[in-house]
Each structure stands twice: as structure tokens, then as C-alpha cells.
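I opened my notebook for a structure I had not looked at before. Here is what I looked up.

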Amino acid sequence: MRVSIAAGAVSGVLAIVWGLLSGTRVILFDGVSAGIGLVMSVFALRAAQAAERGESDRFPYGRQSVLPLTIGLQGVARLGFTAYAVTDAVLVIAVGGDDVSTGSATLYAVVATALCLLTWLWLRRRAGASELVAAEVVGWRIASLLSAAILCGFLLVTALPAGDVKDTASALVDPVLVIVVSLLVLPAPVGFVRTMLRELLEMTPPPHIEEPARKAVTEVCAAMDLPDPVIRMLKTGGRLYVEVDHVVSPGQWDVADIDRLRQALAERLRSTAVTAWINVELSCDPAWQQG
């Protein structure tokens, strides 16, 4: 996270200064996007530190919810800025475009692409199971795509033969690239917001987590002669909450049996991606299980 923050600071300052000096909108877009990423990276680092503090009197279930909240806020910020940038680009195209220095923009794109690619590859190798670092990896992948798109666009204009076509392309390349890169990066912030809503609204975990966990619980329960459990799951940050409800006949189970079931479930649900919080409930009342 600290490496991402440092790289984001360098990238943001470089893009904003270069964009202002050259008067290139797409470079300014890159710089402000990097700035948003930098601020959210700082928030994400604080969120990770808060989540690691565990439970307290004020937060009896810990602070895991700050993780999806931080990821979602990053998505909202990126969506808001993208909407503004696209609107501005459309207005510029409507008045015939603007003049930019394609040589300066191309040089910037080369430098920015190299910086973003190196940071992205470095973080991707070290992401592990952290969703926050994974969000940083996505952010740097977005930045790499954006810089590469800028580079390709300006290289294409530079390669055109002199004439009216090149003049028109030079005037329109800047706002058109803003729209193109906005469409390229749009799925990522949308995904961030969906993650936030899914977790804060206590929806079912994503299939790649929910399906293997449900299968593991079903198999463990069947092995202990407890078929057809009612399984409720939700994921918040790095924690997977699993509730397993069973109706049993009176006098067949005691606390020691429940402990063995819970331990068996903990073994099967042990994962590097999430920490399982397991709650096992047994009752002799069928109506309670449906409640």
C-alpha cells in the first residue's frame, strides 16, 4: 500500500504539471484520476490498519465494514470524475476540438505508461489475498490502460501525413481519448461500488466464495449425520460469517458434539482469502430453524 501511495504521488504530480503546461485535457484527466487513487489509497491503508485492530467494546464485531466502504468510495469518486471528464470532452468536440502539442503528449504517455506498468506488475506479484491491495492492482491496471491508450492515440495522429485530416485529428484527439479511456476504465469503479453494496447490504457473498463454502459445510454436516442444514452466509471485508442451523431430536446432541462440529467446519473453511466466523445453532423446534 505504501509503495502504491508513493507511486501515485509521483504519477499524479507528473500528470497534473505536464497537463497544465501542455494544455492537454487527457493528461489532466490522468493526473486527477491518479490524485483520486492516491487519496483513496491513503484511506485504504488506514482502513486496513483499523480492520486489523479486531473487536472492541465499541465495535464488538470488529471494523471489517470499513474495507468495502473504502473500496466503494473509491468507485464513487472515480465514477463522478469520469462523468465530469466525458461531459467536458463532448463539449470540446462540439466546438471543433482544441489544439494540443502531440509531441509533448506522446513523451508524457511513454513515461506514464512505463511508470504505471512497473507499479502494476510489482503490486500484482504481492497482492496476496488482500482485497484492498487487489483494488490497488485494479487501479494501476486502469492507469496502465489509460496511459497506453493516450500513447497509441497520439502516436497515430503523429504518424498521419500532413493535411486537413491530420489537422482535424490533432484538434479532436485529446477529447476523443478522454472518452475512450473513460469507457475502458468504467467497469472497474462500477465493480467497486457493487462490492460495497453487496457487503454493506449483507447480500450473499460472490459465487467464488459462497459456493465452495456452502459445499464444505454441507459435506461436514452430512459426515456427522446432520443432513439438510440451513446455511446463511455473508461476507464483510476479510471476514466470512457462516451460520449453520439444524433441527435435531431431543437428547441426541450435547455441547461437546456442537464443539466438534464447529471445529470440523473451521478446518474445512480455513482460507487465506477470508477468515470464517462460524456460528452453529441446534434446536429441537422445526419452527425456529425457519425463523
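**Starting from one residue**

I began with Val-26: leaving out residues up to four places away in sequence, Val-26 touches Ile-150, Phe-154, Asp-174, Leu-177 and Val-178. A contact here means heavy atoms within 4.5 Å. I note that this is a predicted model, where local features need pLDDT of at least 70 and side-chain atom pairs count only at pLDDT 80 or more, while totals for chains, interfaces and linings use all residues. Numbering runs from 1 along each chain as its sequence is written, and side-chain values use heavy atoms, with hydrogens and water left out.

**The cores**

Next I looked up the nonpolar cores, sets of buried Ala, Val, Leu, Ile, Met, Phe, Trp, Tyr and Cys residues joined through side-chain atoms within 4.5 Å. Buried means under 20% relative accessible area (1.4 Å probe, protein chains only). The largest core has 25 residues, and Val-26, Ile-27, Phe-29 and Phe-154 touch the most other members. Helices H1 (2-22), H2 (25-51), H3 (66-94), H4 (102-126), H5 (131-159) and H6 (164-185) each give two or more residues to this core. H5 supplies the largest share, six residues. I also found a second, separate core of 21 residues, with Ala-213, Met-233, Val-248 and Ile-258 among them.

**The whole chain**

I listed ten helices and three strands, taken as DSSP runs (helices H or I, at least four residues; strands E, at least two) and numbered from the N terminus. The C-alpha trace spans about 90 × 30 × 30 Å along its principal axes. Buried residues make up 45% of the 291 residues.

Key
Buried < 20%, exposed > 50% of the residue type's maximum accessible area, 1.4 Å probe, protein only.
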